[in-house]
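Here is a short briefing to read alongside the model. Keep the viewer open and follow the topics in turn.

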Amino acid sequence: MTPDTVPSRLTLRFDNTYVRQLPDFYVTGLPDPVAAPRLLYFNTTLARCLGIDPATLDDASLAAVFCGNALPPGAEPVAQVYAGHQFGHFSPRLGDGRALLLGELIDREGQRYDLSFKGSGRTPYSRNGDGKAAVGPMLREVLLGEAMQALGIPTTRALAVVATGQPVYRDRVLPGAILTRVAASHIRVGTFEYFAARGEADQVKRLADYTMARHDPAVLTATQPYLEWFRVVTRRQARLMAQWMTHGFIHGVMNTDNMSIAGETIDYGPCAFMEAYHPDTVFSSIDERGRYAYRNQPRIALWNLSRWAETLLPLLATDRATAIERATGVLDTFPVVYEQDWLAAMCGKLGLVDATEPDDRSLVEDWLTLLETQQVDFTLAFRRLAAVLRGQPQPLLELFQDQAALQAWLVRWQERGNRSTTPAQRRIEAMNAVNPWLIPRNHQVEAALTAASEAADLEPFRRLLAALAQPYQENAMYADYADPAPDGYTARYRTFCGT
């Protein structure tokens, strides 16, 4: 069945360079027809940025468009091919098993974004999967992606979620859904790995040239453009990791096919935000050995980049030894950039807004040790620290069992603050601007998704989404979302891929 074409009143600026310039990097396909599409979510703000006027279509028409029953003019659906190291083991052929890239939209500012479906049916890369997705995981991607956006962390975003009216069979029967994702691109480390593993160096070069021109055109004039590009992307990934870590975000499945060359957080499967601080925290049900635990994320990002470097070696120098030396030199900068960004962000979270001092790192580390040994909520501890500057230490003290240890640290922290030239009120404001009041608490996310999936009740989802839109601003209306999970909940909490 060929999808219908949307009425001409929906005008989108498609310019599908990936399809035109890289014909060997995908297979064409069409979304499966949907029996009873129903719009569950539509991001009107994002739509307007992309040049989509929601007023031109009613909910039924939007559902038809964003389930694939009626493709917008200019869409050219393809399933992209890629490989990937999954939990350290190489899979030479993965690809979009339940996704379709519809095309590239040019937004009102002239920026280019991928528009893609997730859960739209089988493709040649589906292997044994059905290519479908369920309501819960797709709405989860909305909640987590929009939370990351509001926190200021680079991320892909959800434009729409449409219920299909058809069942999805997992360990139980679930209601099906299709998500429309917006990304700077879907080019991954795994995309390069696919062609490198096949010995197709010319294809790796074509992909590199395309990706550089699309994401980092400034490097094209460098003396060694491929090396400079590798340096730029490495720096970008280091900074992304620093942001994840300083907000307590755990991705859960940092395979190389889930590392975007554009530097965005992508694939919100078994991800979650840490509550009680513990560096070994793992939520993913499939991460049995803790490979992608919170503390390991920077190391794994560097490991992924090393796999990417291996695919680029022929572009970095004509002889392998020189190429390896150059790649290693860039990879060695990752810990330096990460450390600088992480420490600067952590100092900002502690209100140390002036130039750092030699002992600032130990102050940060000792604070984190306090949180770990006393199992203190990561988000609340940072947020309540600012109240101490207002002469209100009690909310912070209530989080700690050993208050004497906290008091000893607070003396050091206040002495350090006294050397600051920034007034206390400005420090408070700066702390509250980087320490969120609320995050997507795992029990609240699950409650909202359960209501949507099992009772077709979207109100908890909508209310939580509204709260997450302003994570740094305290609002009595959403005070219940700032509370930690009930005792014992986090210890047994597990997330799943949603496949």
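Leaving aside its neighbours within four places in sequence, which residues is V189 in contact with? They are T256, M259, I261, N304 and W308, where contact means heavy atoms within 4.5 Å. This is a predicted model, in which local features need pLDDT of at least 70 and side-chain atom pairs count only at pLDDT 80 or more, while totals for chains, interfaces and linings use all residues. Residues are numbered from 1 along each chain as its sequence is written, and side-chain values use heavy atoms, with hydrogens and water left out.

- V189 lies in helix α5, residues 189–197; helices here are DSSP runs of H or I with at least four residues, numbered from the N terminus.
- V189 counts as buried because its relative accessibility is 0% (buried means under 20% relative accessible area, exposed over 50%, partly exposed in between, with a 1.4 Å probe and protein chains only).
- Between V189 and L62 there are 33 Å in space, C-alpha to C-alpha, and the two are 127 residues apart in sequence.
- Q237 is found in helix α7, and it counts as buried because its relative accessibility is 2%.
- Neighbours within four places in sequence aside, Q237 touches M259, S260, G263, L305 and F334.

**Helix α7 against helix α10**

- The axes of α7 (residues 225–247) and α10 (residues 333–349) come within 8 Å and cross at roughly 35 degrees; axes are lines fitted to C-alpha atoms over the stretch in contact, with angles running from 0 to 180 degrees between N-to-C directions.
- This crossing of α7 and α10 is right-handed, that is, the near helix is turned clockwise from the far one by less than a right angle.
- Residues of α7 including Q237, M241 and M245 meet a set in α10 that includes F334, Y338 and W342.

**Aromatic rings and charges**

- The structure holds 22 aromatic pairs (rings of Phe, Tyr and Trp, the last by its six-membered ring, with centres within 6.5 Å; planes under 30 degrees apart are stacked, over 60 edge-to-face, the rest tilted).
- One of them joins Y194 and F195 edge-to-face, at 4.8 Å centre to centre and 85 degrees between the planes; Y194 and F195 are both buried.
- Ring pairs also link Y277, Y294, W367, F378, F382, F400, W409 and W413 into a cluster.
- The charged end of K349 sits over the ring of F382, 4.5 Å from its centre (NZ of Lys or CZ of Arg within 6 Å of the ring centre and within 35 degrees of the ring normal).
- R307 has its charged end over the ring of W303, 4.6 Å from the ring centre.

Notes:
Helices (H or I, at least four residues) and strands (E, at least two) are DSSP runs, numbered from the N terminus.
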